[in-house]
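Welcome! Here is a short tour of a structure, written for someone meeting it for the first time.

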Amino acid sequence: MSTATIDVPEVPTGSRVNYLNAQYGVKSWLFTTDHKRIALLYLVSITLMFFIGGFFAVLMRLHLIEPQGALVQPETYNKLFTMHGVIMVFFFLVPSIPATLGNFLVPLMIGARDLAFPRLNLISWYIYVVGACFTLYAVISGGVDTGWTFYTPYSSSFSHTSVIPTAVGVFITGFSSILTGLNFVVTIHKMRAPGMTWFRLPLFIWAIYATSIIFILGTPVIAITLFLLALERLLHIGIFDPAIGGDPILFQHLFWFYSHPAVYIMILPGMGVMSELVTCFSRKRIFGYSFVAFSSLSIAIISFLVWGHHMFVTGQSIYAGLIFSVLSFLVAIPSAVKVFNWTATLYKGSISYDAPMLYALGFIGLFTMGGLTGLFLASLATDVHLNGTYFIVAHFHYIMVGGAVMAYLGGIHFWWPKITGRLYPDGWARFAALVIFVGFNLTFFPQFMLGYLGMPRRYAVYPAEFQVFNVMSSAGASILGIGYLIPLIYLTWSMRYGPAAGPNPWGAKGLEWTTPSPPPTENFEEIPVVTEDAYDYAESTVNRG
Amino acid sequence: MMGAIQTGSDFLFAAAIQAPQLRPEAASSIAEGVDHLYFALTFITLFFTFIIFSTILVFMVKYRRRAENERPPDTGEHLGLELTWTIIPTLICVGLFLWASSLYFENSRPPSASTEIFVIGKQWMWHIQHPEGVREINELHVPVGVPVKLTMTSEDVIHDFYIPAFRVKKDVIPGRYSSLWFQATKIGTYHLFCAQYCGADHAEMLGWVYVMSPADYAAWLAGGVPSQTMQQSGELIFNKLGCASCHLSDGTGRGPSLLGIYSKEEELKNGDKRLVDEAFIRQAIVNPNSVVLPKYPAIMPTFQGQINEEQVLQLVAYVKSLASEERKTDGK
């Protein structure tokens, strides 16, 4: 092992004071304002939501093994896919990387002691929990069956399920996103350490910054949309229901004005994680730093102008369709640029296959597929056939699960030694990455075929000719489910029994790796002075400590 | 020997039945064009996935870490490469956009001489009515080789009329008319699906499209339940609701004469110019005060809730017929 340039005394974890052992007791967690502890509060809550949402998905896939439905009544099936969507989108994917890794890493990466507004950060978590409670109440009180898209007039006038509690839950959680985004933007602007210029920032910070802008500008729109939906349902004021003079398509415009940018809320932070992983495990400076950084910003901006591509078959004018189509093609280009830059970063690198890197490589593959299949849907003529079918389901799962969840798991595995001060069993972690990759493709690739053949989504029963692909997909889902349980087990195990991790087990660059693992409550004893660019792997000795 | 071949071909035949179908049937005039674009997109997807995957694989093997303290050289930046992989995807996207959009443009415009059929979506069934008066539920009979235009609306929530074999799909929206056209090219029976989630039995809201030879179609129409044409049903409703007491044909009534009004452009009281099409007539029935003509008072009551969408369509058919049969109803 090479000599450590970082001056950390070799004290076993546990005897040194860090953010985890500085205080004990439930109160010390529930009233903490430490961004690292709040990150862990989020980690626990979103993991819980992920497995609840995943459980619904498993039930759905089991049900679809048989054309006539193997498990539940159609009404129940409709509730399963609705609650799966609502929980996964609003309570897992949107907060996933920003609220956990973002919360933990933003101050550490820019050399600050905490976020700009630590108490606001804690309130954001409480708001998230209150929102989640409303939505879980909706689940327990009989569920909701509108689809996560809440299309009117079905949701406003026809559904007999708990639409309002669900909408209230999503509405409340939105404020958590807005406040978190605000906190990040202020922190990144005002609290960078001396010498940490904008173009020395890790690309993860650029991605979180772009995401925060969408949080702040987009979330209020979904909030007001759901508020109007609740008003319509309670008071019948005639905004969305055509029977009383409303316009049901207006709802779709408002809904997708947020919900399309929300897709980028889910994937941009994952792209940020990717830039960190690919550089570390190839020991290379990122290829085309400014291209990767500005592609995040351009994605954030263009994402607000493409919502109409969800509505090509609603009868919107042909000319509106043309404009939304060309903008949707345009948003694909910065994503392609990122993929090419990550690949080029590997060139002449020193590539190792630690578990986080396997997740990263899985991300590149699955995200590439997800992005390219998006072209089928940006193309007007093919979208007419594929819209509303399983092709859509496959496409967005390749982005949100193959992309966002892979990146999230890669990030968790990468920073886990920093977060907990412990190492997890690398063999198990690589095995889990492989199981997830195989299970994922087996689950969702057949759905592309189903979509092209014409099987509509959200079908509780289906014509028998679609059965083969459905069975394949269900088999894949069971593998995928096991794949997600494995990390839950070994990561939990490692918190107690894992060997102590040094301050920098991967030999990574970045200010967070100059702190001990786990970091002390104040992060840095002295605020560091930054003198080098991000990912400066070539310049100095690489240390594993 | 022969037996072995026989068994072999039997086996192949059996495998062909059980192997899942990979391409939906292509039974309309636009299906091939859409599929060609689909295949091109599939090729582009596979091509780029292959390039990325193989590059990563080569790099992973070639540049694998050989020593723990290895320090790779800094390869720097390369503006030329960045521009190359920005511009090439942009050009491909522009090409795809032009192809897909021109195809969509063509596919969206019905030929003028289309046969018209009317569709009403309702939780959870499709009501279909032919102008000749024949009605069907969850079945749509159409002649092969003839352009067919569907005019569609919904009684309740948003549905979506989807025939995969024709590659056509359009939302069916309450409170407005949407339209869809196709020209079937192959005699056969094809799936009809609802592709917009519409509640409990969404997955059961399906039916069949029967594409028949023109002769068979004519025979089928003639053999249908004897009933009035849509226009005749519309005339009955028109008289029953007392529409004629205001809409006098000589134009002296409290409402405008409806003779020849269809497909005219009318200037409204508020100055807007509107083409009198199906949607306009529907609006004039359910929300009359939004389309008042000059010189007439806004006194017509709404008929929303008093007649259903099917009856509205019949009224529309009747008002449309007044355009061509001016003489027949004259002096009534």
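On a 1 Å grid over the protein atoms alone, a cavity is a set of points where a 1.4 Å probe fits but cannot get out, while a pocket is an open set with protein on both sides within 12 Å along at least five of seven lines; lining residues have an atom within 4 Å of a point. By that rule, the whole structure holds 6 cavities of 30 Å³ or more. This is a predicted model, in which local features need pLDDT of at least 70, side-chain atom pairs count only at pLDDT 80 or more, and totals for chains, interfaces and linings use all residues. Residues are numbered from 1 along each chain as its sequence is written, chains are lettered from A and ligands numbered from 1 in the order in which they are written, and side-chain values use heavy atoms, with hydrogens and water left out.

**The largest pocket**

- The volume of the largest pocket is about 1300 Å³, where a volume is the space filled by probe spheres set on the points, and grid points are joined across faces, edges and corners.
- Its lining counts 50 residues, and R176(B), Y177(B), S178(B), S179(B) and A279(B) are the ones nearest the centre.
- Elements giving two or more residues to this lining include α13 (380-386) of chain A and α3 (79-108) of chain B; helices (H or I, at least four residues) and strands (E, at least two) are DSSP runs, numbered from the N terminus.
- α6(B) provides the largest share of the lining of the largest pocket, 5 residues.
- By class, this lining has 24 nonpolar, 16 polar and 10 charged residues; Ala, Val, Leu, Ile, Met, Phe, Trp, Tyr, Cys and Pro count as nonpolar, Asp, Glu, Lys and Arg as charged, and the others, Gly among them, as polar.

**The second largest cavity**

- The second largest cavity has a volume of about 80 Å³.
- Among the residues lining it are Y42(A), F90(A), Y128(A) and F215(A).
- α7(A) contributes the most to this lining, with 4 residues.
- The lining of the second largest cavity has 8 nonpolar and 4 polar residues, and no charged ones.

**Two domains in chain B**

- Chain B is split into domain 1 (115-222) and domain 2 (230-329), with bounds from an automatic or database domain assignment.
- Their C-alpha centres lie 26 Å apart.
- In domain 1 of chain B, 17 residues are in contact with 12 residues of domain 2 of chain B (contact means heavy atoms within 4.5 Å).
- Each of these two domains gives at least three residues to the lining of the largest pocket.

**Two sheets in chain B**

- One open sheet has 5 strands in the order β4-β10-β9-β6-β7 (chain B), with mixed pairing; two strands pair if DSSP finds at least two bridges between them.
- β4 (139-143) and β7 (168-172) of chain B are at the edges with a single partner strand each, so one side of each has no neighbour in the sheet.
- β4(B) and β10 (residues 207-212) of chain B run parallel and are joined by 5 bridges; H141(B) has Y210(B) in β10(B) as its bridge partner.
- Helix α4 (residues 214-222) of chain B packs on this sheet, touching β4 and β10 of chain B, and its direction makes about 130° with that of β4(B) (axes are lines fitted to C-alpha atoms, for helices over the stretch in contact, and angles run from 0 to 180 degrees between N-to-C directions).
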